[in-house]
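Student: Could we go through this structure together? I would like to understand the terms behind the description.

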Amino acid sequence: MAEEKNVRFKISKLEDLGYTFQKPEESIPTERINFSMETNIDFNPKSEKFAFILKPRFTTGKKNPRLIAELIFMVEFEFHELGTVLKKEDEETFTLPDQLVVTLFSISYSTMRGVFYEKSRGTMAERLILPVIDPAGILQKNESR
C-alpha cells in the first residue's frame, strides 16, 4: 500500500482570460447544442504553483460548427511543501499524484461552472449550463491526445 502524504494548497488566483457569446440567428433547441472543452495545465514546481486553463465551448452544427459561447478561465493553486508529493521523472519532468490532479481539476471545473453561469446571465447562453462531468475521465482524454 502506498504511503499517504498530506499536502496543503489554496487557490491563489482566478482569472477570466476571455468570454465570447455569439447570438444565434434563430432559437436553437438545447439538444442541438454541442459541448466540448479544452484543458491545459501550467505547472511550475519551483514556484509551487499549478494551474488549470479551461476552455469550455458551446457550438451548433456538425459540418460547420458555429460558436455560441466560449469561456477561457484559469484557476491557479499555490502549494505549501509541494516537493513532498512531487514525483521526479528526470531533471525536467515532474508529476503529481493522479488523485491530487483529479481533485484540483474538480475544484477548477466547479468554480468555472459558476463563473460561466454568471457571465452568461441575461443572454441566451444562460440556458447552457455546463454539464456535470467525471473529472478523471476528462483528464484521461487529455492524456491520450
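Tutor: Gladly! The protein chain exposes about 9300 Å², and carbon and sulfur atoms supply 47% of that area. Accessible areas come from the Shrake-Rupley method with a 1.4 Å probe, and for residues only the protein chains shown count as cover. This is a predicted model, where local features need pLDDT of at least 70 and side-chain atom pairs count only at pLDDT 80 or more, while totals for chains, interfaces and linings use all residues. Residues are numbered from 1 along each chain as its sequence is written, and side-chain values use heavy atoms, leaving out hydrogens and water.

Student: What makes a residue count as buried, and how many of the 145 residues do?

Tutor: Buried means under 20% relative accessible area, exposed means over 50%, and partly exposed lies in between (1.4 Å probe, protein chains only). By that cut-off, 30% of the 145 residues are buried.

Student: Why is a set of residues called a nonpolar core?

Tutor: The name is given to buried Ala, Val, Leu, Ile, Met, Phe, Trp, Tyr and Cys residues joined through side-chain atoms within 4.5 Å. The largest one here has 29 residues, and Ile-68, Leu-96, Met-112 and Leu-128 touch the most other members. At least two residues of this core come from each of β2 (33–44), β3 (49–60), β4 (66–80) and α1 (98–120). Those labels are DSSP runs numbered from the N terminus: helices are H or I with at least four residues, strands are E with at least two.

Student: How do you know that the span of α1 agrees with its number of residues?

Tutor: The expected span of a helix is 1.5 Å times one less than its number of residues. The 23 residues of α1 should therefore span 33 Å, and its end C-alpha atoms are 32 Å apart, which agrees.

Student: What makes two strands a pair, and how many bridges join β3 and β4?

Tutor: DSSP must find at least two bridges between them. β3 and β4 have ten, in the antiparallel sense, so they pair by that rule.

Student: Why are β1 and β2 at the edges?

Tutor: The open sheet has four strands in the order β1-β4-β3-β2, with antiparallel pairing. β1 (8–21) and β2 each have a single partner strand, so one side of each is left without a neighbour in the sheet.
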